[in-house]
Amino acid sequence: MRPVVKNGIGVFSPQGFLDGNSSRSFLSIDDLAATSALKVDMILVSLKRVVFFNKNGLDAFIKLFVKVRQSNHATVGFCDYDDKKYNTIKIFYKDDINFSLFKTIEIAYLFSSSFKNQNKNILLYSEDKSQRTAMAIELHDNGHNPIIAPTPEEFKEKSSKKEAYDYIIDSTFLGQMGQKIATRVTGNAIIYSISSFLDAEIVNKFNIQYHNNSLNVGFRLFIFDAYKVISMNVHALNFFSKLASSAAEYNATICFVGMTFEKTPEVFKENLEDSGILFYEQMDDILQNKELLSELGASSASNVKSKRVINKKIVTELPRFIDATVATIEMMTNSQAVKQSAQVQNIDITDKTDRIASSIGYYGDIDGMIILVFPKEIAKKACELLIGERTEDMEMILDTLAELVNIVGGKIKTLLSDEGISVNITLPRTYDNVDSLLEVIEGRKGVQVDLSFNNDKFLFFLTR
Amino acid sequence: MITKDKIDEYIHKIPPAPQALKDTLALLNAGELVKASKVAQTDLALATYLKELVNKPIYGFAKEVTDVSQIFGILGVAGSQQTVYNYMTTLLSPGKWVLFKLNARTFHELQAKLSKRWEQILEHLSIDDKNIFSSITLLPASIIVTEALFCEKIDDVNLLRSAKNLDYNTILTRLCGVGIFDICEQISVKWEMPQEIAQIIQASSGLKPSKDEKINSLGKWMHLLLFYELSQPMFIEAGLNDFIDFQIEYVGDIYEDFAALMEIT
């Protein structure tokens with residue numbers, strides 16, 4: 001069994017009865033290796049459809065948790081349970097719980113670095129005071145507004161006013177949390193939170209794929225929230241210097257906020273400044289200064305014209321890219337595609353009405369970016385398969401679009417792999433209108449293929 | 001990916017029940033065990049299947065049983081009818097399994113386990129009805145239908161399932177408006193199975209509760225039994241654990257009773 005990954009969280013969903021025999025069968029050696037290699041913030045096991053479990057049944061997954069933590073420092077634990085299951089797990093493991101428990105997957109999302117669930121009012125309660133505090137700190141760090149209920153009576157009273165809160169958290173336990181670097185997005189700036197001692201481990205903790213994807217899709221300002229950094233060694237210094245050099249290729253800016261050099265050699269600051277990194281004392285010094293934001297490149301997602309051109313190798317593989325895209329959309333919408341035209345040109349979108357778009361990057365033996373411009377109607381059809389109903393909710397449509405593009409990326413990866421070409425794919429970015437897409441890719445030359453699905457026009461654009 | 005036309009074509013291609021089986025079932029229905037066993041012997045594949053099935057450990061016979069009349073005698077009318085229906089279901093199974101890691105032996109194992117435990121459940125519920133006894137035989141047809149419809153779309157389905165935790169029944173229903181258990185119902189009609197069997201199977205999907213209280217209760221027991229078996233290592237490794245969604249709320253009120261009966265601790 002493999003986990004389904006969404007928004008940086010991988011979730012296993014076993015069903016039925018979990019005992020010592022069965023749970024081992026859920027996880028083959030290949031599954032363990034594949035899960036450990038995932039670049040995710042969390043690995044969770046959903047108990048939603050588990051009717052019975054015993055300690056031996058959970059132990060097989062806990063062994064997986066240990067392996068995952070050793071390899072990629074992700075947060076691990078169980079989710080989707082009722083109070084009875086929660087209390088049973090607490091009894092099984094008593095004071096030896098080094099994994100997390102999230103009552104629902106939605107609550108788990110609040111503790112992940114996913115930027116989609118931000119600024120939420122969250123009521124939380126735990127009978128353990130240190131847990132209450134730990135949860136509040138994590139939630140605050142992730143950009144939420146936690147409200148602690150110190151007693152069960154107060155929790156009961158406050159939770160009766162459901163409309164006052166976006167989320168209510170109880171029966172949740174934070175074990176050892178992931179040590180990944182949390183990421184959030186504010187406008188067109190990306191903020192990474194770093195803390196404690198920065199050493200060679202920064203290479204494992206920092207999601208370089210996410211960062212590269214962000215650069216590729218047009219983000220130009222990256223802020224490291226370094227208030228909680230105690231010190232930095234030479235390995236971390238080298239890492240940030242290299243990061244700054246690669247950012248410079250995109251004309252992007254990297255800033256450190258709140259970094260003190262009491263326990264870090266002052267010469268490191270000079271080295272970092274030489275690499276192009278800027279230092280600010282307060283986050284608001286940047287975020288509240290529109291002029292500075294504009295200067296640093298965060299006022300828009302405008303893109304520096306890519307000097308790289310589409311090459312023969314990519315054009316040779318073009319049929320595979322198109323096949324993957326067409327097959328996926330045909331599968332998701334149960335419709336037939338007709339190819340209308342294909343040519344090398346700057347992207348040309350004649351009809352921008354009711355169009356949404358998404359881009360996904362790939363890198364490895366070959367690299368580039370695929371852009372798909374959809375009529376909203378196609379995305380809505382895909383929604384019918386993924387969520388089971390038609391929706392007008394734009395956020396949900398874009399979310400579905402991202403999943404669809406992710407599937408396209410996965411299929412491309414498989415098709416290229418069959419040809420001996422190894423690539424990885426980045427996270428998809430979605431655009432709720434064509435103009436914001438054009439801000440990012442205007443001027444880039446690529447291959448444009450116009451397709452039609454049941455008379456809905458659809459555009460595929462492959463660029464670098 | 002999969003269209004309604006493809007489903008119709010699949011159902012159309014399902015052959016009617018062979019005459020020897022129809023005759024065997026008619027004689028069993030009339031309580032003519034000896035005559036039924038004689039007709040059953042004329043179908044060599046059925047005779048072989050019967051021997052293989054009843055000699056599985058779960059049937060608990062100390063000595064190997066080889067004679068069809070002896071098998072029918074031991075199983076009785078209801079047990080024999082159930083076994084013949086089990087055989088009919090295997091007629092649908094593929095020569096080679098692709099989507100699920102199954103083979104003829106493991107599939108027969110699943111049939112045997114479901115059948116024996118269903119018998120245990122019906123005894124517990126004090127139900128003595130040969131049609132209800134046989135209803136369990138149609139349940140594994142849901143696995144065969146899934147295999148048949150999705151085996152050529154494994155890569156597509158895997159990609160879809162890597163992005164969203166969707167079971168095969170949901171995918172099929174959203175694409176074509178027809179679920180796996182609807183197809184099972186159509187098979188039962190084609191094979192002229194008693195209507196009660198189709199009703200219990202529909203309820204056992206956990207998605208279409210029956211208004212008939214008795215049928216609905218049996219549907220719950222069957223749904224839970226299915227997932228009890230699909231939680232066994234052999235069937236988890238075959239990829240069956242999540243082929244349909246387990247509706248945990250649906251079985252909530254019978255779980256304790258089930259756990260006590262199956263001695264789950």
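A:P152 lies in helix 7 of chain A, which covers residues 152-159. The model described here is predicted. A:P152 is exposed, because 11 other C-beta atoms lie within 10 Å and a residue with 12 or fewer counts as exposed. A:F222 is 70 residues away from A:P152 along the chain, and 42 Å separates the two C-alpha atoms. A:F222 belongs to a core of 33 residues, described below with the other core.

Chain A as a whole comes next. Chain A contains 17 helices and 22 strands. Its C-alpha trace spans about 65 × 55 × 45 Å along the principal axes. A compact globule of 464 residues would have a radius of gyration near 23 Å, and the 23 Å of chain A agrees with this. Of the 464 residues, 44% count as buried.

Chain B is built from 15 helices and 0 strands. Its C-alpha atoms fill a box of roughly 55 × 40 × 35 Å, taken along the principal axes. For 265 residues, a compact globule would have a radius of gyration near 18 Å; chain B has 18 Å, in agreement. Buried residues account for 48% of the 265 residues in chain B. Of the contacts in chain B with a separation of 6 or more, 68% involve residues 24 or more positions apart.

The two chains touch. In this contact, 26 residues of chain A meet 29 residues of chain B. Several elements of chain A each supply at least two residues to the side that touches chain B. They are strand 3 (16-18), helix 1 (20-26), strand 5 (50-53), helix 14 (312-333), helix 15 and helix 16. Helix 16 of chain A provides the largest share of that side, with 6 residues. By class, the side of chain A that touches chain B has 11 nonpolar, 11 polar and 4 charged residues.

Helix 15 and helix 16 of chain A also pack against each other. Two packed helices are described by the angle between their axes and the distance between the axes. Helix 15 spans residues 376-387 of chain A, and helix 16 spans residues 394-418 of chain A. Their axes come within 9 Å and cross at roughly 80°. The two helices are therefore roughly perpendicular to each other, since angles of 65 to 115 degrees count as such. From helix 15 of chain A, the contact draws on A:K376, A:A379, A:K380, A:A382, A:C383, A:L386 and A:I387. These meet A:M396, A:I397, A:T400, A:L401, A:E403 and A:L404 of helix 16 of chain A. By class, this contact has 9 nonpolar, 1 polar and 3 charged residues.

Attention now turns to the nonpolar cores. The largest nonpolar core has 180 residues. The members that touch the most other members are A:L44, A:A108, A:I371, A:F374, A:L401, B:C184 and B:L225. Helix 16 of chain A gives the most to this core, with 10 residues. A second, separate core holds 33 residues, including A:L198, A:F222, A:A247 and A:I277. In the largest core, A:A108 is one of the members that touch the most others. Leaving aside neighbours within four places in sequence, A:A108 is in contact with A:I9, A:M42, A:L44, A:C79 and A:F102.

In chain B, B:S37 lies in helix 3 (residues 33-42). B:S37 is buried, because 22 other C-beta atoms lie within 10 Å and 20 or more are required. Not counting residues up to four places away in sequence, B:S37 touches B:V68, B:S69 and B:F72. B:S37 and B:S69 are 32 residues apart in sequence, yet their C-alpha atoms are 5.0 Å apart in space.

Two serines in loops have a positive phi. In A:S171, which is not a glycine, phi is near 45°. A:S171 sits in the loop between strand 10 (167-169) and strand 11 (182-186) of chain A. A:S171 counts as partly exposed, with 19 C-beta neighbours inside 10 Å. In B:S126, also not a glycine, phi is about 55°. B:S126 is found in the loop between helix 6 (104-124) and helix 7 (130-135) of chain B. B:S126 is exposed, with 6 other C-beta atoms within 10 Å.

Definitions and conventions:
Residues are numbered from 1 along each chain as its sequence is written. Chains are lettered from A and ligands numbered from 1 in the order in which they are written. This is a predicted model: local features need pLDDT of at least 70, side-chain atom pairs count only at pLDDT 80 or more; totals for chains, interfaces and linings use all residues. Axes are lines fitted to C-alpha atoms, for helices over the stretch in contact, and angles run from 0 to 180 degrees between N-to-C directions. Helices (H or I, at least four residues) and strands (E, at least two) are DSSP runs, numbered from the N terminus. Angles under 35 degrees count as roughly parallel, over 145 as roughly antiparallel, 65 to 115 as roughly perpendicular and the rest as oblique. Two residues are in contact if their C-beta atoms, placed from the backbone, lie within 7 Å. Ala, Val, Leu, Ile, Met, Phe, Trp, Tyr, Cys and Pro count as nonpolar, Asp, Glu, Lys and Arg as charged, and the others, Gly among them, as polar. A nonpolar core is a set of buried Ala, Val, Leu, Ile, Met, Phe, Trp, Tyr and Cys residues joined through C-beta atoms within 7 Å. The radius of gyration is taken over C-alpha atoms; the globule rule is 2.2 Å times the number of residues to the power 0.38.
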